[in-house]
Amino acid sequence: MPKDSDKPGGGENRTDSSEQSHSKRVQRGTPSPHRGNTPQSSPPRFVSVEELMETAKGVTNMALAHEIVVNTDFQVKPSEPAEGSLEKRVKEIMHKAFWDVLEAQLSENPPSYNHAIKLLAEIKQTLLSFLLPGHGRLRGRIEEVLDLSLIQQQAENGALDISKVVEFVIGMMGSLCAPSRDEEIRKLREITDLVPLLKAIFPVMDKMKLDMANFAVSSIRPHLLQQSVEYERKKFQEFVEKQPNALDFTEKWLQDSAKSVLHEDQAGGAGSLPTPLAVHNHAYLRLLKWNHASDPFPETLLMDQVRFQEMQQVLEQLVLVASVLLIVYNTTGEAISGLPGLMDRLKRTIGVLLTEMHMPSFSADEALATIGERMCVELSGCLSEHGFSPFSTNRQSILKGQISAVTLPDNAIRRLIGSRIQTYLLAFLESSHRSAPTLPGGLAPISKELEEIAMKFGRLVHFNKLVYSPFYQKILQEIVQEGESHDT
């Protein structure tokens with residue numbers, strides 16, 4: 001049976017208890033004095049190569065299970081060698097050699113079916129792998145038609161009609177494939193030459209394998225959720241036992257969050273201390289404003305760092321979009337309020353011009369200057385079309401200046417929009433996702449995108465709390481105890 005390295009279309013596949021509330025209060029003072037910008041490392045512990053390998057394997061399996069649970073778009077995808085790589089060239093050469101030999105054997109008089117029977121053996125195993133336990137009749141039919149001993153005897157006696165066998169294979173593929181593969185099965189039926197047909201069968205079968213794998217992933221996800229919580233917690237506990245300083249950055253993250261919340265509450269005149277749950281929720285919000293280039297990410301969230309970074313980038317763009325639209329509507333007044341389609345058109349224009357805002361080559365000043373120009377053009381045309389007074393040069397200059405000022409660090413409008421988004425996300429966490437919180441003013445144009453981010457953010461936070469609540473509770477208890485000592 002030909003291996004993936006010499007079979008067409010071959011290739012390995014690669015694989016997207018709730019936290020208890022504490023009644024005690026957090027500290028008034030600063031984080032523990034032994035914490036600086038960089039957590040203090042515990043004494044090194046020497047481990048064997050075997051321990052390291054076992055730990056790495058556990059982390060890999062944990063990461064895969066985590067990905068399946070939290071990423072609703074997760075799919076198994078084919079892994080192909082890079083274009084132009086040595087691996088790809090070797091693979092192509094070996095495949096060509098295999099098919100050339102097959103064509104030569106079938107062209108002999110009488111034909112030789114050695115390679116063809118190897119292919120049929122692999123096809124048979126693949127078809128059987130698609131069957132579910134209740135497919136007894138189909139299994140019997142495959143075993144009957146693809147009886148390799150009988151096929152071998154027919155080939156030796158010159159009685160093998162391989163075209164009919166392949167026709168059965170295509171029919172069986174059509175019965176077992178997903179509806180999305182029907183068109184590819186139809187194209188297989190149109191191929192009349194045997195070698196090109198066999199060659200075309202394998203890529204379709206490889207896609208069917210992926211379909212089956214992804215169906216299995218979606219089926220096990222609900223069952224995996226409960227098991228993954230315990231599995232990740234267990235694996236992380238093993239990691240902590242091997243690395244005593246494995247929670248240093250998590251501790252600093254929570255301690256800094258406690259200090260930040262306390263400072264905000266005191267500035268707002270709050271008389272009571274924030275609860276550990278409030279500190280924890282605010283800590284997650286801080287991850288959406290994280291400096292990934294310089295600040296180490298909490299260890300308990302490393303598997304989700306990329307997701308938090310992606311959400312942060314989306315939110316930064318939404319802040320600018322909402323800020324510009326708020327400026328536009330405040331500057332222009334009631335003339336454009338309620339005009340159908342205008343808001344969406346302006347929003348799309350702004351979004352397109354901010355698409356690359358996180359690329360190194362992006363210039364915020366240039367982009368916002370262009371946005372200001374485009375907004376003036378759009379508004380002038382819209383006002384003229386609906387019979388309103390022209391958009392004067394003076395008003396255009398004011399609008400452009402306000403839009404360009406959004407990039408300034410202390411810009412009041414951008415800070416207001418950012419603060420309201422944080423308020424909305426915090427309310428979403430505090431509602432335990434039972435219902436969407438009231439949308440603060442100025443965020444209506446980005447409500448759909450904001451709700452999507454809130455749902456994704458909420459799922460990640462909820463799952464993270466489920467897995468790591470024992471570790472968080474211990475750290476928060478220490479913060480509480482330090483707070484009590486400061487109060488006394």
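How many nonpolar, polar and charged residues does the lining of the largest pocket have?

Modeller: By class, 15 residues of that lining are nonpolar, 9 are polar and 6 are charged. Two or more lining residues are given by each of the helices α9 (248–267), α10 (276–286), α11 (305–332), α13 (364–385) and α15 (412–430). Of these contributions, the largest share comes from α15, with 9 residues. Rolling a probe the size of a water molecule over the atoms shows where empty space is left.

As for the setting, the protein has 16 helices and 2 strands. Of its 488 residues, 41% are buried. The accessible surface comes to about 26500 Å², and carbon and sulfur atoms account for 52% of that area.

The average pLDDT of the protein is 83, and 84% of the residues score at least 70. Residues 1–49, however, have a pLDDT below 50, although this stretch makes 123 contacts in the model beyond near neighbours in sequence. Where pLDDT is low, the predicted coordinates should not be read in detail.

Methods. Residues numbered from 1 in each chain as written. Predicted model: local features only at pLDDT ≥ 70, side-chain atom pairs only at ≥ 80, totals over all residues. Heavy atoms only, no water. Helix = DSSP H or I, 4+ residues; strand = E, 2+ residues; numbered from the N terminus. Buried < 20%, exposed > 50% of the residue type's maximum accessible area, 1.4 Å probe, protein only. Areas by Shrake-Rupley, 256 points an atom, 1.4 Å probe, with all protein chains shown as cover. Nonpolar A, V, L, I, M, F, W, Y, C, P; charged D, E, K, R; others polar. pLDDT = per-residue confidence, 0-100. Contact = heavy atoms within 4.5 Å.
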